[in-house]
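Open the structure in your viewer and keep the selection panel at hand. The tour goes stop by stop, with something to select at each.

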Amino acid sequence: MKYLILVITFGILISGCSNNTNTSEKHNLKGKVKKLTEFTYYSETEFGDVVKGSVKEKKESNFSEEYNLDGKLKERITYTTSKNPDHKYYYFYSEDDQLIKIEHRDGLDDDLFTTSNYTYDGDLLIQIIEEYPKEEGGELKVKTTYEYNQKGKIIHIHSYNHYYEELVFDRTYNYNENSKLISIEIKGDEDIGEVEYYDVFERLAKKENIFEREVYHYNDDMLLVKKEIIDRDGSKEIIRYEYQFDENGNWVTKHESGDDRGYITERTIEYF
């Protein structure tokens, strides 16, 4: 028997089977973390030394997150390349510690963009409704349907943006006989298919689409240390990652280097 679950969701979408997408665990943080701030810079070479340059132009690379004592996300802010607040997300929880609402607001003036309300059946998320403020019509933005198997594992997600009338994504999840995730088949709004393959630890091991294949390598601490990008013509680029850590074992500097790219990511971590 399969359970088809209707979900109306928000811009930051739940993308996998993990239930820690709104906790500090998604960053593999150790200790009681109060706040994480992360900025990524283009790397440059000066007098033979690698130094950080301008801020990378990608919102997901520049953010801060605040957590409560249980490690649950309270607030997330994304930043512009000039390090000004761009978007803010406020997280609200029930007495049972379940995420029940997210408010998406403007980073500077705090104006409300959308509100996402969550509904559960026991521990299973069954519905998210994202809508615009009532003073702006209260229109539905994104509708997502979730399908689960008998063990409560997600097997299919279909997400459609009704405001723009376009597909957000379509994902099919595949598991082995031990219910371990082995692959996710993904389609986007441009109908370019992609498949993600996972290892025995459910880490992303390989990603393939019609243009290229990416292979991921990790160290014993589960950190990504190498990524191979292989084009269909057989050409290959290797990207390597090196880390520096604080006294709690969390990385605070990451160097990413490849044939055509170089980035330095810096973290500031505050503890309780």
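This is a predicted model: local features need pLDDT of at least 70, side-chain atom pairs count only at pLDDT 80 or more; totals for chains, interfaces and linings use all residues.

**Salt bridges**

Begin with Glu65 and Lys26. They form a salt bridge whose closest N and O atoms are 3.0 Å apart. Glu65 sits in strand S4 (residues 63–67) and Lys26 in the loop between strand S1 (3–7) and strand S2 (33–46), so the bridge ties together parts that are 39 residues apart in sequence. Buried or exposed: which is Glu65? Glu65 is buried, with a relative accessible area of 0%, whereas Lys26 is partly exposed at 32%.

Next, select Glu130 and Lys141, whose side chains meet in a salt bridge at 3.8 Å, N to O. This pair links distant parts of the chain, 11 residues apart: Glu130 is in strand S9 (residues 124–131), and Lys141 is in the loop between S9 and strand S10 (142–148). Glu130 has a relative accessible area of 1% and is buried. Lys141 has 17% and also counts as buried, because the limit for that class is under 20%.

Now move to Lys206 and Glu208. The closest N and O atoms of this salt bridge are 3.9 Å apart. Lys206 is partly exposed at 29% relative accessibility, and Glu208 is partly exposed at 21%. How many salt bridges are there in the structure? The count comes to 10.

**Aromatic pairs**

The structure holds seven aromatic pairs. Select Tyr146 and Tyr148: their ring centres are 6.3 Å apart and their planes lie at 25°, so the pair is stacked. Tyr146 is buried, with a relative accessible area of 2%, and Tyr148 is buried, with 4%.

Then select Tyr163 and Tyr164, an edge-to-face pair with 5.1 Å from centre to centre and 85° between the planes. Tyr163 is partly exposed at 41%, while Tyr164 is exposed at 52%.

**Surface patches**

Switch to a surface view and select Asp109, Asp111, Glu135 and Glu136, which gather in a patch of negative charge. Asp111 is in the loop between strand S7 (99–106) and strand S8 (112–121), and counts as partly exposed at 43% relative accessibility.

For the last stop, select Ile192, Ile210 and Phe211. They make a nonpolar surface patch of about 300 Å². Ile192 lies in the loop between strand S13 (181–187) and strand S14 (194–198), and is partly exposed at 33% relative accessibility.

Terms used:
Residues are numbered from 1 along each chain as its sequence is written. Side-chain values use heavy atoms; hydrogens and water are left out. Patches are made of residues with over 30% relative accessible area and no salt bridge: like charges are joined within 9 Å, nonpolar side chains (Val, Leu, Ile, Met, Phe, Trp, Tyr) within 5 Å. Accessible areas come from the Shrake-Rupley method with a 1.4 Å probe; for residues, only the protein chains shown count as cover. A salt bridge is a side-chain nitrogen of Lys or Arg within 4 Å of a carboxyl oxygen of Asp or Glu. Lys and Arg count as positive and Asp and Glu as negative; His and the chain ends are not counted. The place of a charge is taken as NZ of Lys, CZ of Arg, CG of Asp or CD of Glu. Helices (H or I, at least four residues) and strands (E, at least two) are DSSP runs, numbered from the N terminus. Buried means under 20% relative accessible area, exposed over 50%, partly exposed in between (1.4 Å probe, protein chains only). Rings of Phe, Tyr and Trp (its six-membered ring) pair if their centres lie within 6.5 Å; planes under 30 degrees apart count as stacked, over 60 as edge-to-face and the rest as tilted.
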